[in-house]
Amino acid sequence: MAGKVQLFILAILTYALLFGGCGPSGKGGKAQAPRTDEVKRTPADQKKAKLLKQIDRKFENPKTHFQLGQLYQADGLWAEAKYHYNIALRFDPVYWSAQAAMVKVLQESGDTAKANLSADIYMNQAAASAEKSLQLGLAFQKQGLDEYALACCQRALQLAPNSANINKHIGYHHLRKGDKTRAKQYLTRSFELNPMQPEVASELGRLGVKVEIPRKTRKSTKKLDRIVEQAGKKEK
């Protein structure tokens with residue numbers, strides 16, 4: 001009987017030596033969980049960390065807060081996104097991209113009434129300026145808020161009907177929506193006001209419109225077009 005017990009103990013010890021101590025962790029063959037600093041972060045996580053460091057250095061930078069809000073919004077973290085959009089707008093009340101993003105995140109979070117109210121407030125703030133209305137419209141467009149984008153562009157056109165740039169953007173809006181008739185109307189008008197637009201000429205060609213350089217001198221707000229184009233390049 002004693003011999004059987006000894007053999008049994010020996011078998012247990014042998015099993016422990018063979019299988020118990022040679023795993024990655026040395027404990028039953030189970031791998032230890034990687035430490036927090038060893039976990040590879042995604043590019044989005046790395047960008048968040050970078051932006052948070054920038055905010056630590058300069059909290060009053062509205063662009064940084066906006067960019068961080070966009071990352072949180074993409075992750076469905078609406079409260080965090082709203083917080084950073086609010087901070088951005090606190091330091092820059094006419095930051096069009098942040099305004100449009102705020103409307104978008106309110107919609108996504110289910111607060112439609114507040115989204116509509118906010119959009120109305122922002123559009124009313126820009127309503128006296130064709131340039132501001134157009135820039136807000138372009139910001140709405142980037143967020144996929146086409147209804148608000150068109151309303152802003154139409155308001156801008158009322159203030160500056162002879163702006164080739166505004167007519168162009170409205171034409172592009174209708175083109176994206178598949179309304180070729182209205183697209184032709186606005187793009188043709190844009191080209192008449194400023195024939196130095198090869199991209200507009202190309203679109204008109206695809207729409208079957210023959211374009212010619214108008215004989216009459218352009219009578220439009222050239223300065224406005226230049227300002228809007230420059231602002232569009234700066235606005236993110």
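1. A salt bridge is taken here as a side-chain nitrogen of Lys or Arg within 4 Å of a carboxyl oxygen of Asp or Glu. E203 and R206 form such a pair, with their closest N and O atoms 3.0 Å apart. Because E203 and R206 lie 3 residues apart in helix α11, about one helical turn separates them. Helices (H or I, at least four residues) are DSSP runs, numbered from the N terminus.

2. The model is predicted: local features need pLDDT of at least 70, side-chain atom pairs count only at pLDDT 80 or more, and totals for chains, interfaces and linings use all residues. Residues are numbered from 1 along each chain as its sequence is written, and side-chain values use heavy atoms, with hydrogens and water left out.

3. The salt bridge rule gives a count of 6. One of them joins K168 to E199, where the closest N and O atoms are 3.7 Å apart. This pair links distant parts of the chain, since K168 belongs to helix α9 and E199 to helix α11 (residues 198-206), 31 residues apart. K168 is buried, at 7% relative accessible area, and E199 is partly exposed, at 34%.

4. A further salt bridge connects E192 with R189, again with a closest N to O distance of 3.7 Å. These two residues are 3 residues apart in helix α10 (residues 180-193), and so about one helical turn separates them. E192 is partly exposed at 42%, and R189 is partly exposed at 31%.

5. A nonpolar core is a set of buried Ala, Val, Leu, Ile, Met, Phe, Trp, Tyr and Cys residues joined through side-chain atoms within 4.5 Å. The largest such core has 31 residues, of which Y85, V103, M123, L136, F140 and Y148 touch the most other members. Helices α2 to α8 each supply at least two residues, and α5 gives the most, with 8. A second, separate core of 11 residues includes A130, C153, A160 and Y186.

6. Contact means heavy atoms within 4.5 Å. Leaving aside residues up to four places away in sequence, Y148 touches V103, Q107, A115, N116, A119, M123 and F140.

7. H174 lies in helix α9 (residues 164-176) and counts as buried, at 5% relative accessibility. Beyond its neighbours within four places in sequence, H174 is in contact with L150, D179, R182, A183 and Y186.

Note on methods. Buried means under 20% relative accessible area, exposed over 50%, partly exposed in between (1.4 Å probe, protein chains only).
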